[in-house]
Amino acid sequence: MSDKPRVLIVEDEAQIRQFLRLALAAEGCTVLEASRLADGLTLAGDGGVDLVLLDLGLPDGDGIDFIRAYRGWSDGPVLILSARTEERHKIDALDAGADDYLTKPFGIGELHARVRALMRRRARSGVAASPVVEFGEVVVDLARRLVTRRGEPVRLTPIEFRLLAMMLAHPGQVLTQRKLLADIWGPSYVESSHYLRVYVGHLRQKLEDDPTQPRHFLTETGVGYRFQPGS
């Protein structure tokens with residue numbers, strides 16, 4: 001198996017991908033490429049990715065959505081490469097889980113320096129978790145956004161999947177209502193606890209053996225919810 005760092009480029013402009021590919025090859029990296037968010041998540045989920053270079057403006061979604069999905073199973077470094085220069089865009093990306101932000105256009109020297117810094121951090125952080133999570137008779141492929149129960153596909157809405165991914169990312173931990181509401185619906189919804197009751201109820205209906213006595217999606221009264229993997 002090669003010891004070369006594996007870097008995933010998620011960028012829809014072919015010329016920029018070529019520039020990045022050549023720059024990374026000069027640093028001794030093996031390069032994977034995707035032009036769409038969904039394809040990028042699939043490649044990342046196949047394993048062995050040491051660093052992601054991510055554009056925010058993708059044809060099938062915003063790079064922020066990639067970060068949130070990726071953080072459901074991996075703490076690997078993500079470097080944003082974007083023409084968006086406003087401070088709020090940088091803050092949103094970093095708050096979502098990006099590790100660094102490089103504004104286009106940029107020089108090859110700065111790119112190399114940022115990549116080397118993130119690679120050093122990656123070397124210290126250990127191995128990422130798997131994007132496939134199993135509990136009970138449920139299998140969740142976070143990279144491909146696929147859920148099956150007893151071998152049959154389960155259809156989740158985008159919000160249901162985001163809630164599921166966030167809970168799976170924190171097994172055994174109590175997530176407060178405010179945190180769940182802010183991260184999934186936005187800061188203006190932190191008092192809307194009824195949203196959570198409804199959507200946790202949906203997950204129980206679709207994924208629990210007995211939704212009236214849940215074993216995996218547990219209520220912590222007055223605080224929030226907890227995902228219990230169990231068996």
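Visitor: In this predicted model, what is the handedness of the crossing where H3 passes H4?
Guide: H3 passes H4 in a right-handed crossing. The contact is made by Ile64, Ile67 and Arg68 of H3 and by Asp92, Ala93 and Ala96 of H4. Sorted by class, that contact has four nonpolar and two charged residues, and no polar ones.

Visitor: Why are H3 and H4 called roughly parallel?
Guide: Helix H3 (residues 63-70) and helix H4 (residues 87-96) pack at an angle of about 15°, their axes lying 9 Å apart. Angles under 35 degrees count as roughly parallel, and H3 and H4 are therefore described that way.

Visitor: What makes H6 largely enclosed by the rest of the structure?
Guide: A residue is buried when its relative accessible area is under 20%. In helix H6 (residues 158-168), eight of the 11 residues are buried, so the helix is largely enclosed. The buried residues are Glu160, Phe161, Leu163, Leu164, Ala165, Met166, Met167 and Leu168.

Visitor: Where does H6 lie, and at what angle to S9?
Guide: H6 lies across S8, S9 and S10 and runs at about 100° to S9.

Visitor: Why do S9 and S10 count as paired strands?
Guide: Pairing needs at least two bridges between the strands. Four bridges join strand S9 (residues 138-141) to strand S10 (residues 146-149), and the two run antiparallel. Asp141 stands opposite Leu146 in S10.

Visitor: What makes S8 and S11 edge strands?
Guide: Four strands form an open sheet in the order S8-S9-S10-S11, with antiparallel pairing. Strand S8 (132-135) and strand S11 (152-153) each pair on one side only, as edge strands.

Definitions and conventions. Residues numbered from 1 in each chain as written. Predicted model: local features only at pLDDT ≥ 70, side-chain atom pairs only at ≥ 80, totals over all residues. Heavy atoms only, no water. Axes fitted to C-alpha atoms, helices over the stretch in contact; angles between N-to-C directions. Parallel < 35°, antiparallel > 145°, perpendicular 65-115°, else oblique. Left-handed = near helix turned anticlockwise from the far one by under 90°. Contact = heavy atoms within 4.5 Å. Nonpolar A, V, L, I, M, F, W, Y, C, P; charged D, E, K, R; others polar. Buried < 20%, exposed > 50% of the residue type's maximum accessible area, 1.4 Å probe, protein only.
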